[in-house]
Amino acid sequence: MKASTLTSIAKEHGSPIYVYDAEKIESQYNRLTNAFKNVGSLRINYAVKALSNVNILSLMHSLGAGLDTVSIQEVKLGLYAGVPAEMIIFTPNGVSIEEIEEAATLGVQINIDNLSVLEQFGNKHPKVPVCIRINPHVMAGGNANISVGHIDSKFGISIHQLPHIVRIVDNTGMRINGIHMHTGSDILDIDVFLHAAEILFNTAHYFSDLEFLDFGSGFKVPYHPNDIETNIEELGEKLGDRFAAFCQDYGKELTLTFEPGKFLVSESGYFLSKVNVVKQTTSTVFAQVNSGFNHLIRPMLYGAQHHIENISNSKGRERFYSVVGYICETDTFANNRRINEISEGDILCFHNAGAYCFSMASNYNARFRPAEILWHEGEAKLIRKEEQFDDLLHNQVVLDMAAVKV
Ligand SMILES: *Cc1c(COP(=O)(O)O)cnc(C)c1O
């Protein structure tokens with residue numbers, strides 16, 4: 001999006017604020033489906049946890065996507081947004097069997113990631129088709145916090161337990177209609193990913209009623225200029241061919257499923273925050289913005305590098321800044337970063353603010369969560385209001401004690 005458009009949105013709606021570009025979401029969706037155009041039956045299930053505003057969910061549905069959900073609440077948000085139950089998959093981990101049963105009652109596809117629940121569910125509901133989440137123990141990403149397929153990971157049923165899975169399925173008579181894996185968040189080496197895919201293909205031959213194979217996600221997008229990204233086109237070509245050969249072997253055309261979050265929404269998002277204070281110290285210059293990890297926690301949580309641009313002075317000379325927030329806690333967005341000269345009152349734009357930014361926001365320090373704007377067909381549409389003081393008290397139960405004066 002143009003800096004001038006973002007500046008006028010911040011002027012009209014205030015800051016901090018999140019802005020999402022619908023056109024970018026659509027072009028990412030099209031890029032992905034194009035890369036896999038050789039696949040006879042392809043399904044993209046958008047990972048709701050990346051950005052869960054219901055307008056984003058309806059937009060995804062209008063593009064043709066289904067949803068990947070990890071909590072019963074995300075399932076309900078998806079249904080609320082008008083996505084049909086049969087286009088939603090429920091991929092939780094460590095939730096109670098009751099929550100899985102509730103999702104099954106709502107008609108969404110169940111994906112089970114541990115033997116205990118698989119056995120219980122199969123005993124009680126042998127007629128409900130179930131997908132199984134496998135852990136292939138392949139490390140596809142670089143960051144251990146966001147890689148979920150490796151040996152120490154809590155996600156999925158270990159591939160080494162396949163005989164146990166088969167025994168449970170045979171004993172209960174349950175029907176397995178999908179096999180799933182999600183190896184991590186950053187696929188940089190396509191051959192590593194293809195190696196994990198082979199494990200899924202091998203596993204698939206143990207189940208005769210499959211309808212789909214779900215390869216999860218982990219597409220890396222660039223986070224700053226010169227950053228690397230997953231070569232989707234190369235992956236599409238190679239996996240597409242291999243998948244076709246597998247289907248021939250299997251004797252049935254299955255659906256190839258992906259569930260990207262970051263790839264679809266990360267680059268569509270911009271977080272706009274105003275500089276309250278420019279503070280010189282003996283060692284650096286701090287630019288302190290009206291935000292913190294209460295609004296955008298990825299830099300502090302994962303060491304994520306979000307490109308930061310001073311959209312109020314895009315032609316100014318560059319200087320080095322540490323960009324920090326106003327939270328009473330260390331909340332460094334960027335250290336020693338080259339940014340066009342910053343004055344108090346300037347608007348800083350954080351790029352890649354679509355995925356895991358608003359959805360991880362909190363009320364820490366009793367701050368409000370910001371508004372969200374969808375830039376759609378040339379118009380800035382408000383899709384979430386900034387919170388107000390009442391929202392902080394909502395659900396607090398004020399006790400009737402002499403000591404409590406409100
Ligand atoms: C988080 C998650 C995704 C999405 O991952 P991205 O890196 O955002 O694409 C997909 N599948 C599962 C099971 C997840 O937990």
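These are my notebook entries on a predicted model.

**Ground rules.** I work on a predicted model, where local features need pLDDT of at least 70, side-chain atom pairs count only at pLDDT 80 or more, and totals for chains, interfaces and linings use all residues. I number residues from 1 along each chain as its sequence is written, and side-chain values use heavy atoms, with hydrogens and water left out.

**Entry: domains.** I looked up the domain assignment. It gives domain 1 (22-265) and domain 2 (266-387); such bounds come from an automatic or database assignment. Their C-alpha centres lie 32 Å apart.

**Entry: the interface.** I took contact as heavy atoms within 4.5 Å. On that basis 21 residues of domain 1 are in contact with 22 residues of domain 2. The area buried between the two domains is about 2000 Å², and carbon and sulfur atoms give 54% of that area. Buried area here is the accessible area (1.4 Å probe) that two parts lose on being put together, summed over both. In domain 1, Asn53, Tyr223 and Val265 lose the most area to domain 2, together 28% of what that side buries.

**Entry: polar links.** I counted zero salt bridges between domain 1 and domain 2. The criterion was a side-chain nitrogen of Lys or Arg within 4 Å of a carboxyl oxygen of Asp or Glu. I also found 14 residue pairs in polar contact between the domains, both residues at pLDDT 80 or more. A polar contact is a pair of N or O atoms within 3.5 Å; within protein, one must be able to donate a hydrogen and the other to accept it, and residues adjacent in sequence count only if both atoms are side-chain atoms.

**Entry: who supplies the domain 1 side.** Helices H2 (22-35), H3 (54-63) and H10 (262-265) each supply at least two residues of the side that touches domain 2. The largest share, four residues, comes from H2. I read helices (H or I, at least four residues) and strands (E, at least two) as DSSP runs, numbered from the N terminus.

**Entry: helix H1.** I listed the buried residues of H1 (residues 3-13): Thr5, Leu6, Thr7, Ile9 and Ala10. Buried means under 20% relative accessible area, exposed over 50%, partly exposed in between (1.4 Å probe, protein chains only). These residues pack against several strands, including S1 (17-21) and S11 (269-280). Just after H1, Gly14 takes a positive phi of about 85°.

**Entry: Val169.** I found Val169 in helix H7 (residues 162-172). Val169 is buried, at 10% relative accessible area. Leaving aside neighbours within four places in sequence, Val169 is in contact with Met174, Ile176 and Phe207.
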